[in-house]
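Have the sequence and the model open as you read.

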Amino acid sequence: MQKLALSEIQDIEMSILDEIENVCAKLGIHYFLAYGSLLGAARHEGFIPWDDDMDIFMMRADYEKLVDNFDRLTDDPRLRMRHYRDGVSNLSCARVVRTDTHVDMRFVKEKYAIGLWVDIFPLDFIPAEKPPLLLKEKAFFLARVFATSIPAPERPSWQNTLLKLTSLSFSRVDPVKLSAKLDQAAACHSATPSDYLCDISGEPEHPRCYKREWFEPAKLPFGDRVYSVPSSYENALDVSYGDWQTLPPEN
């Protein structure tokens, strides 16, 4: 299989998001650039120069519609929704994957490797006055990490030692079921509307609260495209990254 250059990976990532945008339009739902993709749009008008993936947020209700309907509505037969509901993927959050590509995932067991993808993170309501500790969600997340991860040279030595010590204990744990439990626990929070949102399924170990009012659809240029972002994207980036406008050192 041919190794892709970073620019080629980024082109494929954008083509995946283009098709997600196409399906969202058919369903009458919205997405928002998230995390590094939103940072790239705001600071670089495109990818962060060294970035090789894309992330989007969706409100829980819109997210569920996309997960349930993407494979049926996509015009690109190479793209497929991957999620724990397919019974195979160890993903608590959905990914749209290009099935004619393969990512060498050095940190996880090969059976869970997939092609190039765009991550889709559902935003669930969360009370800001007394935010929950998310203990269940954190436990499911950590158990899945131990069940799917493997030692790798790039990891700190203490992590590799811990993975070796726990590998037998978690060898019979089903990460697909853990992902289901994590996402279902996260979705329960959206039963009670709130003025705040949180990416619980994707990052329960580092929960960040965003104001619901920030998430009206707006647009920012991204390379030769224009993608949807939160109307108050600066505030969302402040929550995610703090001083996001200052470039990190080159090293």
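Which residues point one way from strand 5, and which point the other way? Keep in mind as you look that this is a predicted model. On one side you will find Trp117, Asp119, Phe121, Leu123 and Phe125. Val118, Ile120, Pro122 and Asp124 point the other way. Are these residues buried or exposed? They are all buried, and strand 5 as a whole is mostly covered, with nine of its nine residues buried.

Now look at the neighbours of this strand. Strand 2, residues 54–59, pairs with strand 5 in the parallel sense over six bridges. Within that pairing, Asp55 has Asp119 as its bridge partner in strand 5. Strand 4 runs antiparallel to strand 5, and four bridges join the two.

With the strands in place, we can turn to the open space. The largest pocket holds about 1,500 Å³ of space. Its lining counts 43 residues, and nearest the centre of the pocket lie Asp53, Arg95, Val103, Met105 and Trp117. Which elements each supply at least two residues of this lining? They are helix 1 (6–27), strand 4 (94–98), strand 5 (117–125) and helix 4 (135–148). By class, the lining of this pocket is made up of 20 nonpolar, nine polar and 14 charged residues. Two of the residues nearest the centre, Arg95 and Trp117, are worth a close look as a pair. Arg95 lies over the face of Trp117, at 3.8 Å from the ring centre.

Between strand 5 and helix 4 there is a loop, and Leu134 is found in it. Leu134 is not a glycine, yet its phi is positive, at about 60 degrees. Is Leu134 buried or exposed? Its relative accessibility is 3%, so Leu134 counts as buried.

Searching the whole structure gives one cavity of 30 Å³ or more, and the largest cavity has a volume of about 40 Å³. Its lining is formed by Leu33, Tyr35, Leu38, Phe57, Tyr210, Phe215, Pro230, Ala236, Leu237, Ser240 and Tyr241. Helix 2 (35–44) and helix 7 (233–241) are the elements that give two or more residues to this lining. Helix 7 has the largest share, with four residues. In terms of class, the cavity lining has 10 nonpolar residues, one polar residue and no charged residues.

Several of those names lead us on to the aromatic rings. How many aromatic pairs does a search of the whole structure find? There are eight. In one of them, the ring centres of Tyr35 and Phe121 are 5.4 Å apart and the planes stand at 85 degrees, so this pair is edge-to-face. Because Tyr35 lies in helix 2 and Phe121 in strand 5, the pair ties together parts that are 86 residues apart in sequence. Tyr35 counts as buried at 9% relative accessibility, and Phe121 is buried too, with a relative accessible area of 10%. Tyr35 also has a positive phi of about 50 degrees although it is not a glycine.

Phe57 and Phe215 make another edge-to-face pair, with ring centres 6.1 Å apart and planes at 65 degrees. Phe57 belongs to strand 2, while Phe215 sits in the loop between strand 7 (209–211) and strand 8 (217–222), so this pair ties together parts that are 158 residues apart in sequence. Both Phe57 and Phe215 are buried. Which residues form one aromatic cluster with these rings? The cluster consists of Phe32, Tyr35, Phe57, Phe121, Tyr210 and Phe215.

Our last stop is back in helix 2, the place of Leu39. With 7% relative accessibility, Leu39 counts as buried. Leu39 and Tyr241 are 202 residues apart in sequence, and their C-alpha atoms are 8.8 Å apart in space.

Technical notes. Residues are numbered from 1 along each chain as its sequence is written. This is a predicted model: local features need pLDDT of at least 70, side-chain atom pairs count only at pLDDT 80 or more; totals for chains, interfaces and linings use all residues. Side-chain values use heavy atoms; hydrogens and water are left out. On a 1 Å grid over the protein atoms alone, a cavity is a set of points where a 1.4 Å probe fits but cannot get out, and a pocket is an open set with protein on both sides within 12 Å along at least five of seven lines; lining residues have an atom within 4 Å of a point. Grid points are joined across faces, edges and corners, and a volume is the space filled by probe spheres set on the points. Ala, Val, Leu, Ile, Met, Phe, Trp, Tyr, Cys and Pro count as nonpolar, Asp, Glu, Lys and Arg as charged, and the others, Gly among them, as polar. Buried means under 20% relative accessible area, exposed over 50%, partly exposed in between (1.4 Å probe, protein chains only). Two strands pair if DSSP finds at least two bridges between them. Rings of Phe, Tyr and Trp (its six-membered ring) pair if their centres lie within 6.5 Å; planes under 30 degrees apart count as stacked, over 60 as edge-to-face and the rest as tilted. A charge sits over a ring if NZ of Lys or CZ of Arg is within 6 Å of the ring centre and within 35 degrees of the ring normal.
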